[in-house]
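The sequence and coordinates come first.

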Amino acid sequence: MKTFAIRFLITTVWPALLFSMGTAAEPTAILDLWPAGQMPGEPAKIDGPERDLTKPEDKLIAGERIIKLGHVATPQIHVFLPPKEKANGAAVAVCPGGGFSILAWDLEGTEVAAWLNQLGIAAAVVKYRVPTRELGEDAAPSPGDPSVIAEKKALGPLMDAQRALSLLRSHAEEWRIDPARVGVMGFSAGGQTAALAAVSLGKRAYANIDAADEAPCRADFAMVIYPGGLADPETGALRPFYPVSEATPPMFFVHAADDRVTPLSSTALFTALKLAGVPSELHVFAQGGHGYGLRPTELPITQWPEQAEAWLRTSGFLGGAGDPTGSGHPPNPVASATQPSWVAFADGLSEAMTAGKPLASFSAAFPEATQAEAESVQKRHVGNLLKHDSLGGTKGAVVGEAGQKAFGIDAPLSAVLFQSGWLEASDEPTVTIREGALPGVETEIGILLGEPITKRIESIEDLKRHVRAVVPVIELPAGRHAWPNPPKPTDLVAVNVDSDHYIVGTPSATLDLDLDAIPIRLRKDGAVVNETSGGNARHGQWWNFLRQVNWAVAQGYDLKPGHLVITGALGKIGRDGAGRYEADFGPLGTIRFALEGP
């Protein structure tokens, strides 16, 4: 077996699947993709009713028959939701293969949904229109965005897949889906369809039909399993229907070298992604043929689901990854009849923040909500505020080991800094404490970006190439809230960790300083109130910088030169009220400021 990847993986034996391949759960919902009479594009060339075309003499896969669903005139999605306790907010539209003639409905559809559900991922198996094979391979511009071009046989299935992605997002609150973690997956011809959906970058192949199409049809990631039709089988060149740029989402590929449907399809698209700098992963095995789905056999290639799970997890698509290169995208909380919806709650936070009023407790309104669900509230709350402000950077919180242990978390929290809160230390500012508030005083270390960051950073060394300076920082969280004492992590996350003012010290371009060894001493009116060091941050300063940058990128925030990244409070958080303060950061300099009463 040979495995080629951006991170060259060598695996051992894949454990037995945790679910029965032949007994996928009943779908939570079945939805027609299109309103009656409004399906765009050419219909399938059907002959009679939709039916299973499997014959008794057909080849068995791993000793079992497969369902070959044919003559699909009414495209649908069959939605399979994971158990609530497993759900992590990710969702995938699954496109079975079948050569644009049939759909391998169980092998590459419902069985895949069962596996995704085991990972906590919501799955929508796309029953796209077939057969369309006889429409041919000529290029056909889409009737929607003219820049989207596909083979005639693939254009209708692409429309169906894009509609499925929009429907998943339009039902995000109902199905507990994070709209920023909706991917697409496909096998064989379905892999070709998934690849088209991924490279189209949300440009729709059809004109909007209804309100569901107001939700984006982009894929945030793609898993492309033994795809066909992506490359010229003679030259291996990527076909022009698959344009790739830095904006193309990350992809995962599996193929067998002995596949009659050439593995050059996978290697060509992977190569283009690599040259564009898009993090992706490719596995090519010596043996395996074509059309094995997830069914385990004695061949190593059927271990690929374990590798796919590892890729999803380390790429952050499963949410809450402890790896600093992860992202931790959140799902949406579900409102009950007695609770305010998460949208209304987030909007209420924004209104209170703008009016200078106390911020409500998320844990009181949603006592069973997860930290990931609180991040969905934070995302909307921050989006509301950014309509009237601009991004100043990103910040961590609860970075010390003792604090994380007290909160029952194993990684820092994350939040946004607003440009309106930026104060220069050179001004020795005086900050007025607002009525009813008791702001914290936090000593922190930050970095100023010198280069834009638009995609996930894979290493600390790579991150340093984007940094122009290190700075000492004093953060002054607002201290206006109506939380339990002590608050829960969900309370902190939902309110964007109470971000307000922060004082930025003199930049130092010396990036080889040992930031964990920086001594920090905070005095109020001459008396020491906090004494600590940069090493108070669990895993170290640079690990935390990397995590916060990748969190911001994963959330869709545009990090630009001059933006600030801070890791979080080091040592004690002072709540000593009005007075004159002086923070000594050793080689990084001193910050002087004052707090005055309301």
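Trp 115, Phe 187, Tyr 226, Tyr 292 and Trp 304 form one aromatic cluster. Rings of Phe, Tyr and Trp (its six-membered ring) count as a pair if their centres lie within 6.5 Å; planes under 30 degrees apart are stacked, over 60 edge-to-face, and the rest tilted. The model is predicted: local features need pLDDT of at least 70, side-chain atom pairs count only at pLDDT 80 or more, and totals for chains, interfaces and linings use all residues. Residues are numbered from 1 along each chain as its sequence is written, and side-chain values use heavy atoms, with hydrogens and water left out.

**Aromatic rings**

- A search of the whole structure gives 17 aromatic pairs.
- One of them joins Trp 311 and Phe 317, with 5.6 Å centre to centre and 50° between the planes, a tilted pair.
- Trp 311 has a relative accessible area of 3% and is buried; Phe 317, at 6% relative accessibility, is also buried.
- Buried means under 20% relative accessible area, exposed means over 50%, and partly exposed lies in between (1.4 Å probe, protein chains only).

**Charges over rings**

- A charge sits over a ring if NZ of Lys or CZ of Arg is within 6 Å of the ring centre and within 35 degrees of the ring normal.
- Lys 127 lies over the face of Trp 105, 5.7 Å from the ring centre.
- Lys 379 lies over the face of Tyr 557, 5.9 Å from the ring centre.

**Salt bridges**

- The count is 22 salt bridges, a salt bridge being a side-chain nitrogen of Lys or Arg within 4 Å of a carboxyl oxygen of Asp or Glu.
- Asp 160 and Arg 129 meet through their side chains in a salt bridge of 2.7 Å, N to O.
- This pair links distant parts of the chain, 31 residues apart: Asp 160 is in helix α2 (residues 152-170), and Arg 129 is in the loop between β7 (122-127) and β8 (139-141).
- Helices (H or I, at least four residues) and strands (E, at least two) are DSSP runs, numbered from the N terminus.
- Asp 160 is buried at 0% relative accessibility, and Arg 129 is buried at 0%.
- The side chains of Arg 163 and Asp 210 form a salt bridge of 2.9 Å, N to O.
- Here too distant parts of the chain are linked, 47 residues apart: Arg 163 belongs to helix α2, and Asp 210 to the loop between α4 (189-199) and β11 (222-225).
- Arg 163 is buried, with a relative accessible area of 3%, whereas Asp 210 is partly exposed at 29% relative accessibility.
- Arg 465 forms a salt bridge with Asp 462, with 3.5 Å between the closest N and O atoms; Arg 465 is exposed, with a relative accessible area of 57%.

**Strands and sheets**

- Two strands pair if DSSP finds at least two bridges between them.
- An open sheet of 3 strands has the order β2-β3-β6 and antiparallel pairing.
- Its edges are β2 (51-52) and β6 (102-104); each has a single partner strand, so one side of each is left without a neighbour in the sheet.
- The antiparallel strands β2 and β3 (residues 68-70) are joined by 2 bridges, with Arg 51 opposite Gly 70 in β3.
- Strand β20 (residues 501-504) is covered on both faces: His 501 and Ile 503 on one side, and Tyr 502 and Val 504 on the other, are all buried.
- In a regular strand the side chains alternate between the two faces of the sheet.
- Strand β16 (residues 422-424) pairs with β20 in the parallel sense over 3 bridges, and Leu 423 has Ile 503 as its bridge partner in β20.
- Strand β19 (residues 467-476) pairs with β20 in the antiparallel sense over 4 bridges, and Val 473 stands opposite Val 504 in β20.

- Helix α9 (residues 371-386) has 16 residues and should span 22 Å at 1.5 Å a residue; its end C-alpha atoms are 22 Å apart, which agrees.
- The expected span is 1.5 Å times one less than the number of residues in the helix.
- Buried residues of α9 include Glu 373, Ala 374, His 381 and Leu 385.
- The buried residues of α9 pack against α7 (342-355), α8 (362-365), β15 (413-418), α12 (489-494) and α13 (541-554).
- Thr 490 is in helix α12 and is buried, with a relative accessible area of 10%.
- Not counting residues up to four places away in sequence, Thr 490 touches Phe 362, Ser 363, Ala 369, Thr 370, Gln 371 and Ala 374, where contact means heavy atoms within 4.5 Å.
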